[in-house]
Amino acid sequence: MSLSLRKNGPIFLISVFALIVISPGVQNLAIPKKDAFATFGLLPVLHNGRLKPWDSFARETLLSLRGKQSVKTAETGKKWSAIQWLTTVFFESDTANRIEVFRVDHADLKTMLHAENEQKKYFSYNDLTPYLSTIDTQARLSNPEPENRDAFQKEVVSLHAKLITYQSLLCTFHPILSTSDRLDSYQRFLDSFMEQDTEESSLPTPIPEAIKVEFSGQSADNVLRFVPSENNSSDWYSLTESWMEAQENPLHLSTLRTYLKIAARWEMANRDEVVDELRGLRYRIADSLASTSVRKVLIEAKFNSIQPFILSIELYLLTFLVVILGWIVISRQTLTAAFWLTLVSFLIHTLGMLVRMWLMGRPPVTNLYSSAIFVGWGTVGLGLLLEWLFKNGVGSAMAAVTGLLSLIIAQHLMEMGDTMGMMRAVLDSNFWLTTHVITVTFGYSATFVAGFLAIAYLILGIFTPRLTPELQTTLNRMVYGTVCFALFFSFIGTFLGGIWADQSWGRFWGWDPKENGALLIVVWNAVILHARQSKQIGSIGMMQCAIFGNMVTAWSWFGTNMLGQGLHSYGFMESAMWWLFLFWISQLLLIVMGRFPTHKWRSFQNSEVDLQNP
């Protein structure tokens, strides 16, 4: 019994840790029946052409304003979820205006806002209200060409856009009225409307003309349409549009009236009645929509709660630590447990990707965010295959590191907006998204796998005694085979991209930066194979070339988007430039490390083998 426990103890302990990591996501599957915030988050809203739950809209909006999907209130010190914050903006604006959601980093902008504490990063709407006209003026004075703006102008323009978004949210259920008499008029209108008969045939009280003007002042880009037509499932209305339409077609008055009741009772903190109204409204909307649309909205909200990619990040980190432990204690059972833990992480990663595909009705790669998800998925899959074949822990370690880094990159890319948004017209082809994009992205994944295996080779050889001749031979085979795999997929993907370009733009090749980047990956992988086969480079030389492949692939993946040139220029993020630069520096340092004399490597201190030469 004690022998069995000693043998299987690592697997048991690792399983317990994995369950601890996964359990919060499983618990989030069940939404509390009396949670008004979560129930509101399940309701659908049409925004930027996509039907989504309020929960998704809340996360996207708070992320764009604050850079995070949660906010801590200064009054209570408690962390609020995105949907808690959004409903507070909608129904308790006085409270919401005191919450610090606007991030400001530039020192000159803080000075303009008279921020006494220079370390202060976040500001509330009330903090910014005295400076709204100044911010507006500075934004208008900024260079109209975004690429020619200095850092101050960029942040002022960004803050100005965020304030417009926030003001639009404030008047989603209540117009921002300029005078007290209009407020009184609007309140009388609401009271009259709410007292009317709830029969479908009853017409609403007409909106006072003075109020119509202030309601219609919202930007078309910021209009939220959440009142569905009860005779056409494709028609959605904002609160104002619903009132206007109801004077001609009163069929959806019941939904409009329910939303107004929710707003009124929320302000009175009557949450039990609010939940009952919300649940009734959700079922009524479900009856008027296609079953698939309703199911997608509900599943997307639960997908947000579970956050499978966050779970995968935590499990990949745990896997990496387990592999290191297995190498330190030289435990076969620990490395086996790491393999199975990687497999569990991979399955959760896969499930999250499949759910996104079903929600979008698209292949897995449609934008930069989804490309990071897929590149990580591909590297982990290849790592599992290598670990299954060679069983030395390197495949699991490489899978864990690449999966972890790619999903962290994806989390930062979420700041770009709706990750399941509408497709650009030029990319709106499921056939080519399935063939060209997936194939060329597999080439990215394989090139990264080869590069990170090469990093493992150098680190194990220089800093540890674990790079035995057997492991050295194995890693050589792993890197060489992976580069062959990468060359095949990157070449086929680039060729298919040329065919797509010919169909879309009338030319097979136009020396576009993205096209050049894809060609660089093909050429560099071919160079590695040719140099190794002709014995121009030895084991270490191949590892250094494979690491340089990481730099080439990172440039093709992200760097080409930063040029702002060409038909493929999309998904630009200025902050990504610095991270790309730091990544290049790290890879160059690793390449330089590979030039250390092998007799100084811990694994070869007593060896006469010269690995620098073929």
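Me: Which element gives the largest share of the lining of the second largest cavity?
Reply: In this predicted model, that element is α3, which contributes four residues to the lining of the second largest cavity. The elements that give two or more residues to this lining are α3 (54-66), α15 (291-306) and α16 (308-329).

Me: What makes Q69 one of the residues to look at in the second largest cavity?
Reply: The lining of the second largest cavity consists of 21 residues, and those closest to its centre are Q69, F303, N304, Y369 and M414. The volume of this cavity is about 310 Å³, and with the threshold set at 30 Å³ or more the count of cavities comes to five.

Me: Why is the contact of E60 with R50 called a salt bridge?
Reply: The definition asks for a side-chain nitrogen of Lys or Arg within 4 Å of a carboxyl oxygen of Asp or Glu. The closest N and O atoms of E60 and R50 are 3.8 Å apart, and the pair therefore counts as a salt bridge under that cut-off.

Me: How do you know whether E60 and R50 are buried or exposed?
Reply: Buried means under 20% relative accessible area. E60 has 17% relative accessibility and counts as buried, and R50, with a relative accessible area of 11%, is buried as well.

Me: What makes K52 and E60 a salt bridge?
Reply: Their side chains meet at 3.1 Å, N to O, and the cut-off is 4 Å, so the pair meets the definition. Both K52 and E60 are buried.

Me: Why are R59 and D55 said to be separated by about one helical turn?
Reply: R59 and D55 are four residues apart in helix α3, which means a separation of about one helical turn. The side chains of R59 and D55 also meet in a salt bridge, with an N to O distance of 2.8 Å. R59 counts as buried at 17% relative accessibility, and D55 is buried with a relative accessible area of 9%. Elsewhere, salt bridges that share partners join R50, K52, E60 and E300 into one network, and the count of salt bridges by this rule comes to seven.

Me: Why is L582 called partly exposed?
Reply: The term covers values between the buried limit of 20% and the exposed limit of 50%, and because L582 has a relative accessible area of 49%, it is partly exposed. L582 has its place in helix α24 (residues 574-593).

Me: Which residues make the nonpolar surface patch of about 880 Å²?
Reply: The patch is made by M577, W578, W579, F581, L582, I585, L588 and L589.

Me: Where does K391 lie, and what is its phi?
Reply: K391 lies in the loop between α18 (368-390) and α19 (394-413), and although it is not a glycine, it has a positive phi of about 50°. At 48% relative accessibility K391 counts as partly exposed.

Me: How do you know whether I328 is buried or exposed?
Reply: Exposed means over 50% relative accessible area, and I328, which lies in helix α16, has 64% relative accessibility and therefore counts as exposed. The C-alpha atoms of I328 and R466 are separated by 9.9 Å, and these residues are 138 residues apart along the chain.

Me: Why is N476 called buried?
Reply: N476 has 11% relative accessibility and the limit is under 20%, so it counts as buried. N476 is found in helix α21 (residues 469-505), and its C-alpha atom is separated by 10.0 Å from that of A450, which is 26 residues apart from N476 along the chain.

How values were computed:
Residues numbered from 1 in each chain as written. Predicted model: local features only at pLDDT ≥ 70, side-chain atom pairs only at ≥ 80, totals over all residues. Heavy atoms only, no water. 1 Å grid on protein atoms, 1.4 Å probe; cavity = no way out; pocket = protein on both sides within 12 Å on 5 of 7 lines; lining within 4 Å. Points joined across faces, edges and corners; volume = space filled by probe spheres on them. Patch = residues over 30% accessible without salt bridge, like charges linked within 9 Å, V, L, I, M, F, W, Y side chains within 5 Å. Areas by Shrake-Rupley, 256 points an atom, 1.4 Å probe, with all protein chains shown as cover. Buried < 20%, exposed > 50% of the residue type's maximum accessible area, 1.4 Å probe, protein only.
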